[in-house]
Every structure is written in C-alpha cells, then in structure tokens.
Amino acid sequence: MPSTPARNIVIVGGGIIGCTTAYYLASHPAFDPASTSITLIEASTQGVAQGASGKAGGLVAKWAYPKELVAVSFQEHVRLAQEHDGANRWGWRFVNCGSWEGRGEVVEPDAAAGSGVGAGGRRKSLEKTLGLSEEEPKPAPGTDADAALKERRAATGLPEDLNWVEPHLTDSYSPMAPPGATAQVHPYLFTTSMLELAQARGVQFVQGKVTALVVDKTGNGNGNGNGRRVGGVTYVPHGAQEAGTLPATHVVLAAGAWSPTLVPSLPISGTRAHSITIRPRPRPGTRIAPYVLFTEIALPAQQASPEIYARPTDEVYCCGPGDDSAVPETVDDVRVDEGACESTRAHVASISRVLREGEVERRQACFLPVVSAGGGPIVGEAREIAEGLVVATGHTCWGICNAPGTAKALAELVLEGKIKCANLNKLKPSRFL
C-alpha cells in the first residue's frame, strides 16, 4: 500500500474563506494528521474575522453567483448547520427576501442628506435623537383604520408579518426569491466557529503578518510552474521583530483584498463598505420578523438604497453603498467614516419607526475583494506562479455564501489532486493571471 505523501499546508488569511478551508481540509477523508499539517495564519492582532468576514451581512442565497459555487455552497451550508447546530451556534436560518420601494420620512435632515459613501472615496456599488419614543398604536381590529391598513398592505404587496417598516410609506414590495432559497448566518460567529471546529481536528492557528511567499526552483516544471514550487511563507509573528518561516508544500492564499500584497499580478481590488447594527427597543411578545430587504428609498434630495437584514437575536444589520478608498496596509488599519454610518442610520430610520428608536451598537467598515478584471472569484492552483500555490479570493459580497463550496473544492484539489465537486474551470487563476 503506497504511503501518504507528507504535506505541510499553510493557509494565509483568517477570513471566512481561510477558516472554512481549514475546516474542510481537516475534515476530508484523506486528511492524515500523522503525515499532514495544516496551519492558518492571520495578520490581525485581534484574531480572525476582523475584515469583511466579521462585518458582512451574512446572506446565503441560491440566487447568488457564480452558480458553479452556489450549487455546492448552499447545500453545504444546510449540512453544516445540521451537523453542528448552526441555528444556535452561528444564527443559521431561512429568511424572506424582498425588494422594497417607498418614501422616507425625514426626521433628521442633515443626516439623511448624506449619501452613505465614506470620505475619501467615490461611490461604488456592492453588487442624535431617535424621534418619538411612544409605540405607534395599531388600529383596533374591525375598525375603518384597520381595514385601510390591510388594504394598503394588499395594494403594495407588503407582507402581513413584516412588522418593522411603515406600511403608509410603502409603494411596493415584491419577493426576490421563493421560500427556501434565501438564508442567513451571523458572519463573525460562522467564521470563528469554522476555525474552532478546524482546531478541534488538529489545525494550528498562528498570528502574524506574512511578508512573502517562499518559492523553490526545484519543481519538475510539468505543471506550467516553470520549475517553481512553493516552499513556505516568511512572516513576522505578533510581538516579534524578526521574520520567521513556515515551511509548506501547499500555500492557500485567502487574504481577500490583501492577496495582491503577496502576488502582485492578481487583479484584485477592494471595495470599502460601511455598515451598522441596530438593537431595537424590546417589545413584549413581538419579535423582529425574519426579512432581508433591498430598498429604494425616495428622500427629498436623493435616492437611498440601504440593505437591511433582521437577525435571529433581533439585531438588525444595515449597510450602505461601497466606495473605492485605497486598501490600507492591514485589516487593523481600516478606518470607519462616522458620517457614512450616520447617513445609513438616517436612511433606514426614515422608513422604520422600530429602527429609528433603536440603539446603534456597531459602526464598522470593511473591504470586499473584487476581481478588477471582471468575473471571479479566483479559485484554484496558480501554477503559472508556482506549483502548490492555491488562490481563493475575489468573492465580492458573496464570500460568506460561497465559502463552503470554495473550501470543499480546495480540499479536494490539495488532498486529491483535482476538484471534483464542481466544474470551476472559469474560475481558474490561469484565466486571470
């Protein structure tokens, strides 16, 4: 019986792609801890999930893109939630998803006049009083006002259970997907859970900044690598002054918008996105209905389009447009523009009394990795650079959604020699490098 080849696998990046890949590698039937080591290294001093993976909306959708990854990822999300109690551990649940159009009530003109775009950047698509404190009374059943409200909901398509937007401000609501086609996770909890599950299977976690790939000119050249093969990474451990080396037979580059710092030829750029989370006032006997809304809000001076995600804990996530600000040196250097966050708060408050009266718990920003050449993400072995170098980046706003499919494909590639779960040829690095 042939012996299992020795493998030292180093994953660069502690976002959702890196942490999920660590889990899938350590869970693969071919993984043998006696002959294979897996190390995940993250640059942030705060740990994993400090970038987009901790500050995203957490949407998981069958209607996401690219379809090749979505087809694998969605069913893997379902399986992971079933096997690891995802509902309680990382907030997995199915949600309603719809497009809402209507008018905003401007109670704070200065804040609502903002665009939500962060200072220092131009708008880029993502493909302090809180008003009155009294609860708005609902009309009594059977009254003329109750009949008018029901008529309004019926005319606009607004679901009866969507209890946190104002019916009288709604012009139209339409479902974006059928039931069962959209779900959500809490991105930070999902990412950290993947790392914890990976560590329980033997994955080592290292905190430090990778400064370079080590490439040996000892490959056989048969894989279009021109005789080059990865030999590891150099990095500076946290708290240290001198660089060290992690030897590797395979390096998985999953550093999101920071991936080009190690492979400059990668056509990856970053889109900065601001978001906030709001904690509504507790309402006895009433929960925030599980809806994700893509809105078009008509305000006196502009049109605003925030996305709003209700979470199982009644926390509500809201994000505005992206911008093209420069990607900083590390994820810990990302700066939050308070004005952008405040504009997003004012925009969502203009259509929801519930959100207007809630408390903003987080104001945050992150950089989404985008393939600047179009298409993507980039997933596969970059043999043009070096054999054993595996790239997984450019997932845009669908990183949380497509992480399990990406990770499953990479585990197959590294441990079996080829991707079996899907045909990802159009995502191969050779198409982009």
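Biologist: How many bridges join strand S1 to S2, and do they run parallel or antiparallel?

Modeller: Two strands pair if DSSP finds at least two bridges between them, and strands are DSSP runs of E with at least two residues, while helices are runs of H or I with at least four, both numbered from the N terminus. Here strand S1 (residues 7-12) is joined to S2 by six bridges, and the two run parallel, with Ile9 standing opposite Ile38 in S2. This is a predicted model, in which local features need pLDDT of at least 70 and side-chain atom pairs count only at pLDDT 80 or more, whereas totals for chains, interfaces and linings use all residues. Residues are numbered from 1 along each chain as its sequence is written, and side-chain values use heavy atoms, with hydrogens and water left out.

Biologist: Is strand S2 largely enclosed or open to the outside?

Modeller: A residue is called buried under 20% relative accessible area, exposed over 50% and partly exposed in between, with a 1.4 Å probe and protein chains only. In strand S2 (residues 36-42), six of the seven residues are buried, so this strand is largely enclosed by the rest of the structure.

Biologist: In what order do the eight strands of the open sheet lie?

Modeller: The order is S11-S10-S9-S2-S1-S12-S20-S19, with mixed pairing, and the edge strands, each pairing on one side only, are S11 (244-247) and S19 (378-381). Within this sheet, strand S9 (residues 204-216) and strand S10 (residues 229-237) pair in the antiparallel sense over eight bridges, and Val214 stands opposite Gly232 in S10.

Biologist: At what angle do helix H1 and helix H7 pack?

Modeller: Two packed helices are described by the angle between their axes and the distance between the axes. The axes are lines fitted to C-alpha atoms, for helices over the stretch in contact, and angles run from 0 to 180 degrees between N-to-C directions. Helix H1 (residues 16-27) and helix H7 (residues 187-200) pack at about 30°, with their axes 8 Å apart. That makes H1 roughly parallel to H7, a term for angles under 35 degrees, while over 145 counts as roughly antiparallel, 65 to 115 as roughly perpendicular and the rest as oblique.

Biologist: Which residues in H1 and H7 meet?

Modeller: Contact means heavy atoms within 4.5 Å. Ile16, Cys19, Thr20, Ala22, Tyr23 and Ala26 in H1 meet Phe190, Thr191, Met194, Leu195, Leu197 and Ala198 in H7.
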